[in-house]
Amino acid sequence: MIGFFLCSALAGLSVKIMDDWLDRERDGPRPTFATRLGDASLPYALLSFACAVPFDPATAVALLLMSYAAGMGGRALRDVYPSGLRGWQESLFAVIISAGACGWRLTTVAGLCIAAIQGIDDVMDWRNRGPSAAPLVRRFGVIEVAAGTIAAVLFALGLDIPRTFGVIMGAAFIWCLEALCYNVDL
């Protein structure tokens, strides 16, 4: 379980840094890992992911690909990317690659965990920064997002208790690290 936690915390940190980097214009002056790291954000994100891989390669890859799929899914119909594909198509390819490389079970667990983490993060953003910072809550409602998050965690636990627990604890570690570094509310 410690390996899953370390893998998840480091892979999650890489995704968090990359997400902060991509959202830096939208976040404005709000302190984030990317504002602290500046131009070194992408190298540090890659370094963090490289450090995650030795602890559990399949989990690290599945978490990264499912995070990518979740990120692209939010822009599913509108945006066309440099690949020439829409967001939903890139998401689908990420899921297929994850399933081929890591198996359907691990891909499902990783996807459920990422969905749960996104739900928790959205509820925290809604509480701390308001509805404009919480697109899932704006679209579905806070109760619905919370219920979906609980369902995702329970289903993931039913498939793989140690890995799910490691991923959720890794996410909690990143939220605590962010709170300590930037004095933000959890």
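Predicted model: local features only at pLDDT ≥ 70, side-chain atom pairs only at ≥ 80, totals over all residues.
User: Which residues of helix H10 are buried, and what makes a residue count as such?

Analyst: Buried means under 20% relative accessible area; over 50% is exposed and in between is partly exposed, with a 1.4 Å probe and protein chains only. Residues are numbered from 1 along each chain as its sequence is written, and side-chain values use heavy atoms, with hydrogens and water left out.

User: What do the buried residues of H10 pack against?

Analyst: Five helices: H1 (2-22), H3 (33-37), H5 (57-73), H7 (104-129) and H9 (142-159). Helices here are DSSP runs of H or I with at least four residues, numbered from the N terminus.

User: How do you know that the span of H10 is close to the expected value?

Analyst: The expected span is 1.5 Å times one less than the number of residues. H10 covers residues 161-182, which is 22 residues, and 32 Å is expected. The first and last C-alpha atoms of H10 lie 31 Å apart, close to that value. Just after the helix, Asn183 has a positive phi of about 50°.

User: Why are H7 and H9 called roughly antiparallel?

Analyst: Angles run from 0 to 180 degrees between N-to-C directions, and axes are lines fitted to C-alpha atoms, for helices over the stretch in contact. Under 35 degrees is roughly parallel, over 145 roughly antiparallel, 65 to 115 roughly perpendicular, and the rest oblique. H7 and H9 pack at about 150°, their axes 8 Å apart. The pair is therefore roughly antiparallel.

User: Which residues make that contact of H7 with H9, and how do they divide by class?

Analyst: Contact means heavy atoms within 4.5 Å. H7 contributes residues including Leu112, Ala116, Ile120 and Trp126, while H9 contributes, among them, Val145, Ala152 and Phe155. The classes come to 14 nonpolar, 4 polar and 1 charged. Ala, Val, Leu, Ile, Met, Phe, Trp, Tyr, Cys and Pro count as nonpolar, Asp, Glu, Lys and Arg as charged, and the others, Gly among them, as polar.

User: Why are H7 and H10 called roughly parallel?

Analyst: H7 and H10 pack at about 30°, with axes 10 Å apart. That angle falls under 35 degrees, and H7 and H10 are therefore roughly parallel. Their contact includes Val109, Cys113 and Asp121 of H7 and Arg163, Ala171 and Trp175 of H10. By class it has 10 nonpolar, 1 polar and 2 charged residues.

User: What makes H9 oblique to H10?

Analyst: The angle is about 140°, with the axes 6 Å apart. That makes H9 oblique to H10. Val153, Ala156, Leu157 and Leu159 of H9 meet Ile161, Thr164, Phe165 and Ile168 of H10. The contact divides into 7 nonpolar, 1 polar and no charged residues.

User: How do you know that Ile17 is buried?

Analyst: Ile17 has 4% relative accessibility, so it counts as buried. Ile17 sits in helix H1. Not counting residues up to four places away in sequence, Ile17 touches Phe33, Ala34, Leu37, Ser41, Tyr44 and Ala45.

User: Why is Ser91 called buried?

Analyst: Ser91 stands at 10% relative accessibility and therefore counts as buried. Ser91 belongs to helix H6 (residues 87-102). Leaving aside neighbours within four places in sequence, Ser91 is in contact with Ala69, Met72 and Gly73.

Conventions
Helix = DSSP H or I, 4+ residues; strand = E, 2+ residues; numbered from the N terminus.
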